[in-house]
Amino acid sequence: MTAHPAVAAAVADAHRREWAFVLAATVRVTRDLDLAEECVQDAYARALDTWGSTGIPGRPGAWLTTVARRRGLDLLRRDATARRVLPLLVTDPALAPGTGLADDGPGACALTGPASSAGPASSAGPASSASSGGPASSAAASSARPAGTAEAQIPDDRLRLVFTCCHPTLSNDAQVALALRLLCGLSTAEVARAFLVSEKTMAARITRAKKKIAAARIPYRVPPVAELPERVDAVLTVVHLLYSTGYAAPAGDELMRTDLAERSLDLARMLHGLLAGDHEVTGLLALILLTDARRDARVDDAGRLVLLSEQDRARWDTAKIAEGAALVREALGTGPPGRFALMAAIAAVHDEAPSFADTDWAQIVGLYDVLMRRWPSPVVALNRAVAVGFADGPGAGLTDLDALAESPELAGYGYLSASRADFLRRLGRTDEARLAYQEALLLTENAAERSFLAARLDQLGP
């Protein structure tokens, strides 16, 4: 049975806006990532089936959370019952009570597989403490935490989920990929595009990370303050990639996924509230604010992409620019600049220029040079080459871009082809520009970006 269009649209919107909230709240009950994902997916499927007859709820996220948590509790109770009954049905003494099979041990609050996370029926573990599946049980859990802990300072389950995914036992790439998959609800293909790797490679990476979390019984919590430094960089990378994915959606009809952009800004503010003295946390918040300040000017009234050079700067958010600029000065004044502080400084140069023509491109290239030494990256090198093209002319920029063409990380990166196409167009090398635009179209799935590239291609003529 096909869902009513209004219901399908409401469920899709709830997936974009509420996925992270629903999943994070469900993980608190199940203590198992795969089980929580399964329950959340079931909740969304049930919404498609029932909202048509019951009506779309006023608070879709609360409805989905209740359904997902109840489903998780049902599965946990069923598993606990099976574990109590199993010893009565077998004669193998190795499976009898007290031998360890049904003993959760001291790590019952960790993320484990479904069997160990359920606990005995009489336990005060996750299943019994959240049996109502509603806000009351979460509030009780929060009130039980010491007031001075990092956990008590951050009441948002999404941030706990990020820190769990960014546990130091996982590789950096696995941390970021898993958090994007779980926190944002991105498909494996979308996460793969963010990392410039194949979908198969990313699927294997995410699966291994989940298995390691279960095997290591990694706790679902914000770590103690003493453990934060070793976890912060990975968390900042997650939030930055989250914003980047929202700023330029890998696929879809719209240029941006504003839900992801807003979600990442929320998380950056939470981190800054917890670690206000960390200059990289400050730099990330500044970067997001300064970039997001241009959001409303990036598309016209018809949803078409508007380049930075053509944007109406009167539509930029001056309050965000002022806040971001102040944070940049703070981030650069508290020690050697980190990568996020440097990227924020670049964004500040753009935002504070009276016009595109007045942009200090030489300063931007200099900041990219420092950033490349601090954080060498193919994408940073690409952005630097584009800046060189505006500072020293399209020929110089094209030379730097062509030097990057052999980079395997950028082989399927549409922005490289699009940047080459623009410089070739400006140099009057029409045939080469046409081929570069065609290549960029093949590598681009976002409809707004494809429309822009197609228009540029048409302007070159047959």
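Analyst: A residue is buried under 20% relative accessible area, exposed over 50% and partly exposed in between, with a 1.4 Å probe and protein chains only. Helices (H or I, at least four residues) and strands (E, at least two) are DSSP runs numbered from the N terminus. The model is predicted: local features need pLDDT of at least 70, side-chain atom pairs count only at pLDDT 80 or more, and totals for chains, interfaces and linings use all residues. Residues are numbered from 1 along each chain as its sequence is written, and side-chain values use heavy atoms, with hydrogens and water left out.

User: What makes helix 8 (residues 157–165) largely enclosed by the rest of the structure?

Analyst: Nine of its nine residues are buried, so helix 8 is largely enclosed. Those residues are Asp157, Arg158, Leu159, Arg160, Leu161, Val162, Phe163, Thr164 and Cys165. For the chain of 462 residues, the buried share is 49%, and the secondary structure comes to 22 helices and two strands.

User: Why is the pair of Phe356 and Trp361 called edge-to-face?

Analyst: Rings of Phe, Tyr and Trp (its six-membered ring) pair if their centres lie within 6.5 Å; planes under 30 degrees apart count as stacked, over 60 as edge-to-face and the rest as tilted. The structure holds eight aromatic pairs. In this one the centres are 5.6 Å apart and the planes stand at 70°, so the pair is edge-to-face. Phe356 is buried at a relative accessible area of 18%, and Trp361 is buried at 11%. Together with Phe390 and Phe423, Phe356 and Trp361 form one aromatic cluster.

User: How do you know that the charged end of Arg339 sits over the ring of Trp375?

Analyst: The label requires NZ of Lys or CZ of Arg within 6 Å of the ring centre and within 35 degrees of the ring normal. Arg339 has its charged end 4.6 Å from the centre of the Trp375 ring, and sits over it. The charged end of Arg294 likewise sits over the ring of Trp316, at 5.9 Å from its centre.

User: Why does Asp351 count as buried, and which side chain does a polar contact of 2.4 Å join to Asp351?

Analyst: The relative accessibility of Asp351 is 7%, so Asp351 counts as buried. Asp351 belongs to helix 16 (residues 339–352). A polar contact is a pair of N or O atoms within 3.5 Å; within protein, one must be able to donate a hydrogen and the other to accept it, and residues adjacent in sequence count only if both atoms are side-chain atoms. The partner of the Asp351 side chain is that of Arg294, at 2.4 Å. Not counting residues up to four places away in sequence, Asp351 touches (heavy atoms within 4.5 Å) Leu290, Ala293, Arg294, Trp316 and Ile321.

User: What does the side chain of Thr291 reach?

Analyst: The side chain of Thr291 reaches the backbone oxygen of Leu287 at 2.8 Å. Thr291 lies in helix 14 (residues 279–292) and is buried at 11%. Leaving aside neighbours within four places in sequence, Thr291 contacts Tyr243, Tyr247 and Ala347.

User: How do you know that the span of helix 21 agrees with what it should be?

Analyst: The expected span is 1.5 Å times one less than the number of residues. For the 13 residues of helix 21 (residues 430–442) that gives 18 Å, and the end C-alpha atoms are 18 Å apart, which agrees. Its buried residues are Ala433, Arg434, Ala436, Tyr437, Ala440 and Leu441. Exposed Asp431, Leu435 and Leu442 are on the face turned away from the buried side. Helix 20 (414–426) and helix 22 (447–459) are among what covers the buried residues.
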